[in-house]
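Please look over the sequence and the model before reading on.

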Amino acid sequence: MRPRLALLVCLVLFATQAFAIDRWILISGTVSNFHTDARLFNPAFDKDISIVATFYATDGSAAQTATVVVPKRQMKILDDVTTQLFQTSKLGAIQFTSDDPFEATSRIYALTNAGTLGQFGPGIAQSLAKTKGALLQLKSSSSFRTNIGVVNPNNSTANVTWTLYDKNSAAVSSKTTPFLPLAVLAPTNVAGGFFFDPKSADLSDAWVSFSSDQPVLVYASVIDSGTTDQTFISAVDDAGIPPVTPPAAKEFTVTLRNFQITINPDPSSLKAGDKAVFHVVLLNGTHLFEMVGPTGNILIANTVGGSSSSPVDRTFTADGQGAYTYFCNNSLCGTGHSSMIGSFSVGSTAGRGETR
């Protein structure tokens with residue numbers, strides 16, 4: 001076998017063996033009248049597959065594992081999945097992993113006098129965890145309530161910042177919450193204090209944005225308070241990028257007098273790209289202030305200064321590194337005109353402003 005072909009075959013085999021397929025059921029448990037049924041699907045025509053299930057409880061206790069064999073072209077029925085696989089009544093999330101393709105789904109429901117009221121829960125790949133996302137079509141009112149759940153699938157703490165928006169998309173409340181490694185947050189009321197303090201905001205049609213320093217799995221559940229039926233809400237991507245706030249302009253006072261120009265504070269603190277405002281003040285004489293950049297480009301031209309209480313403002317951007325030269329541009333201002341010149345450096349050649 002040719003060396004390159006052999007290398008390619010090895011890489012394909014390594015990739016096939018090294019990267020397991022995973023699906024998360026984000027909420028699962030048998031608690032009171034609350035139940036979770038799961039289904040695992042093996043799409044293969046030619047082989048049975050093994051799937052490892054790992055249960056992470058909301059109380060942070062040690063993870064539990066179990067192995068499930070799914071025959072070829074079959075759907076494995078796992079009613080009350082946490083009880084069946086892990087013999088526990090705790091609430092948590094389940095991660096299913098296998099070296100072979102498979103799919104997982106769940107049904108989360110409560111047993112009531114009216115029957116079973118619940119919602120479908122998709123099996124979500126960990127690769128779909130998000131560092132930035134949104135939960136839409138949320139409701140919190142006398143008729144509806146909304147819960148949010150979170151799974152941190154990482155081995156490091158995830159710090160998640162949440163922002164709640166009301167019916168008019170006005171930001172109502174914001175909060176940052178840390179989630180420990182492999183932590184699971186059970187469905188928690190969006191208006192209950194853990195996430196937000198909505199006050200009197202209209203949340204009859206609300207939404208939530210979130211951002212995290214680690215990718216997290218997030219979902220919401222909207223509950224009809226009349227029927228107690230629920231709707232599963234998956235997180236969507238939030239591709240919006242906040243506008244960059246330009247840095248504030250640095251301010252300096254330029255004083256023109258016979259026969260001297262002073263700039264306060266020292267403008268050599270400027271760096272390339274900085275925006276600056278020169279407040280030009282004329283104390284006496286008939287001077288005109290002008291300044292040029294490193295390439296000789298005029299940045300401030302023929303400016304007559306104002307009074308100390310009402311200076312003349314000139315704004316410019318330090319568009320490059322090098323020496324910036326300022327001077328009086330009225331050669332008839334007097335016999336000391338030639339001394340009214342100075343310079344300062346911007347960028348890596350920073351120096352002190354001086355009058356020559």
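## Second largest pocket

The lining of the second largest pocket consists, by class, of ten nonpolar, one polar and one charged residues. Here Ala, Val, Leu, Ile, Met, Phe, Trp, Tyr, Cys and Pro count as nonpolar, Asp, Glu, Lys and Arg as charged, and the others, Gly among them, as polar. Among the lining residues are Leu26, Pro122, Lys130, Phe210 and Ser234. Strand β14 gives the most to this lining, with four residues. The space in the second largest pocket is about 150 Å³.

A pocket is found on a 1 Å grid over the protein atoms alone: it is an open set of points where a 1.4 Å probe fits, with protein on both sides within 12 Å along at least five of seven lines, and lining residues have an atom within 4 Å of a point. Grid points are joined across faces, edges and corners, and a volume is the space filled by probe spheres set on the points.

## Basis of the model

The model is predicted: local features need pLDDT of at least 70, side-chain atom pairs count only at pLDDT 80 or more, and totals for chains, interfaces and linings use all residues. Residues are numbered from 1 along each chain as its sequence is written, and side-chain values use heavy atoms, with hydrogens and water left out.

## Largest pocket

The volume of the largest pocket is about 320 Å³. It is lined by 18 residues, and Phe34, Asn147, Pro187, Ile223 and Gln230 are the closest to its centre. Elements that give two or more residues to the lining include β10 (144-151) and β14 (203-224). Strand β7 gives the most, with four residues. The lining has eleven nonpolar, six polar and one charged residues.

## Antiparallel sheet

Four strands in the order β1-β6-β3-β4 make an open sheet with antiparallel pairing. Strands are DSSP runs (E, at least two residues), numbered from the N terminus, and two of them pair if DSSP finds at least two bridges between them. Because β1 (21-29) and β4 (64-70) each have a single partner strand, one side of each is left without a neighbour in the sheet.

Strands β3 (residues 49-57) and β6 (residues 91-98) are antiparallel and pair over six bridges. Phe55 stands opposite Ile94 in β6.

## Mixed sheet

Another open sheet has four strands in the order β18-β17-β19-β22, with mixed pairing. Its edge strands, β18 (260-264) and β22 (312-317), each pair on one side only.

Strands β17 (residues 250-257) and β19 (residues 275-282) run parallel and are joined by seven bridges. Thr255 stands opposite Val281 in β19.
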